[in-house]
Amino acid sequence: MGFFDKLKKINIFANFGSELTDDFYDELEESLILADTGMDTTLELVEELRRRVKEEHIKTVEEARACMCRCIADAMTVGDAGLDLSTRPSVVLFIGVNGVGKTTTIGKIGSQLRAERKKVLFCAAAADQLTVWADRAGVDIIKQHEGADPAAVVFDAASAAKARNTDVVLVDTAGRLHNKQNLMNELNKISRVIDRELPGCARETLLVLDATTGQNGLIQAKQFKETAGITGIVLTKLDGTAKGGIAIAIAKELGVPVKYAGVGEGIDDLKPFNAAEFAQALI
Ligand code: GDP
């Protein structure tokens with residue numbers, strides 16, 4: 001079974017006849033919009049498909065399907081999809097509103113890095129759930145009481161990472177920082193602590209988004225992008241959602257690569273994102 005098999009397909013390519021008529025393009029457009037790909041991205045994708053169909057002398061719906069997969073994968077390729085973990089330690093910050101799956105994602109990534117024999121450290125202010133994941137993944141955790149200053153916890157984690165020769169520090173930032181000004185202040189503070197304690201370390205800031213929120217997720221992402229220097233997106237809850245197209249809209253409209261996809265609550269239900277594989281599963 002493929003990783004994205006839990007994704008709801010856009011069935012137009014299977015259900016339409018074999019001829020590429022205008023009706024076909026209309027229905028494709030409609031299905032993409034229904035899958036929450038968003039108007040702008042949908043129109044551009046269908047336009048690009050029409051262009052390539054002409055250029056590559058494509059005649060059948062089946063060939064058009066393969067071509068559409070390439071269009072989607074190309075549209076989603078907007079930067080390095082891998083994580084920069086080139087220094088020891090490297091730091092990955094996770095931001096996003098409550099309930100999107102930050103803690104779960106950190107647990108899953110921690111467990112995968114452990115499987116690669118990396119030394120991992122979790123870091124969080126409010127850490128009940130993350131402690132459960134730390135136990136499960138066999139990862140150390142630096143935490144403080146609920147409501148503690150996130151920058152102070154990061155300071156502790158940076159010291160511990162140096163002392164323990166840690167490879168990767170995964171930081172759960174508090175989801176309560178909805179307010180733009182608060183978020184910016186906290187992230188700046190955290191950033192200064194990292195600059196001072198771990199100068200020159202490789203650093204990523206991943207925005208975690210719940211795919212089931214569709215276009216709202218896109219709006220959220222735009223706001224976070226203005227406030228925090230996001231280096232990648234983690235798209236969670238792609239299992240069973242009919243809104244898979246949102247992944248394309250996010251990458252294309254934000255210009256930030258989707259780096260991980262989550263398709264369930266289990267420890268193995270997260271993978272580095274592969275746009276070609278995703279496109280194959282979506283259509
Ligand atoms: P946080 O508040 O951002 O830290 O979110 P949590 O990690 O606590 O996750 C909130 C809920 O979403 C939990 O019930 C998770 O099990 C669930 N969840 C996280 N990722 C996924 C996913 O990829 N698929 C599904 N179906 N549920 C997920």
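Which residue in β5 does Leu-93 stand opposite?

Reply: Leu-93 stands opposite Thr-205 in β5. This is a predicted model, in which local features need pLDDT of at least 70 and side-chain atom pairs count only at pLDDT 80 or more, while totals for chains, interfaces and linings use all residues. Residues are numbered from 1 along each chain as its sequence is written, and side-chain values use heavy atoms, with hydrogens and water left out.

The pairing of β5 can be followed on both of its sides. Strand β1 (residues 90-95) is joined to β5 by five bridges, and the two run parallel; here strands (E, at least two residues) and helices (H or I, at least four) are DSSP runs numbered from the N terminus, and two strands pair if DSSP finds at least two bridges between them. Strand β6 (residues 232-236) is likewise joined to β5 by five bridges in a parallel arrangement, and within β6 the bridge partner of Leu-206 is Gly-232. Between β5 and β6 the chain passes through helix α9 (residues 214-227), and this β-α-β crossover is right-handed, in the sense that the path from the first strand over the helix to the second runs clockwise when the strands point away from the viewer. Seven of the eight residues of β5 (residues 203-210) are buried, a term that stands for under 20% relative accessible area, with exposed meaning over 50% and partly exposed the range in between (1.4 Å probe, protein chains only).

β1 also pairs with β4 in the parallel sense over five bridges, with Asp-172 in β4 as the bridge partner of Phe-94. These strands belong to an open sheet of eight, ordered β3-β2-β4-β1-β5-β6-β7-β8 with mixed pairing. Its edge strands, each pairing on one side only, are β3 (140-143) and β8 (270-272). On average, neighbouring strands of this sheet are turned by 20 degrees against each other, direction ignored, where axes are lines fitted to C-alpha atoms (for helices over the stretch in contact) and angles between N-to-C directions run from 0 to 180 degrees.

Some backbone details in the loops deserve attention too. Most residues other than glycine have a negative phi, and most peptide bonds are trans. The peptide bond from Arg-88 to Pro-89, however, is cis, with omega near -5 degrees, and Pro-89 lies in the loop between α4 (61-76) and β1. Asn-165, in the loop between α7 (150-164) and β4 (168-172), has a positive phi near 60 degrees and is partly exposed, with a relative accessible area of 44%. Asp-36, in the loop between α2 (22-34) and α3 (39-55), has a positive phi of about 70 degrees and is buried at 12%.

From α3 the picture extends to α4. The axes of α3 and α4 come within 10 Å and cross at roughly 130 degrees, so the two helices are oblique to each other; under 35 degrees counts as roughly parallel, over 145 as roughly antiparallel, 65 to 115 as roughly perpendicular and the rest as oblique. Residues of α3 including Leu-45 and Leu-49 meet residues of α4, among them Cys-67 and Met-68, contact meaning heavy atoms within 4.5 Å. Thr-42, also in α3, is buried at a relative accessible area of 0% and, leaving aside its neighbours within four places in sequence, is in contact with Glu-29, Leu-32, Ile-33 and Thr-37.
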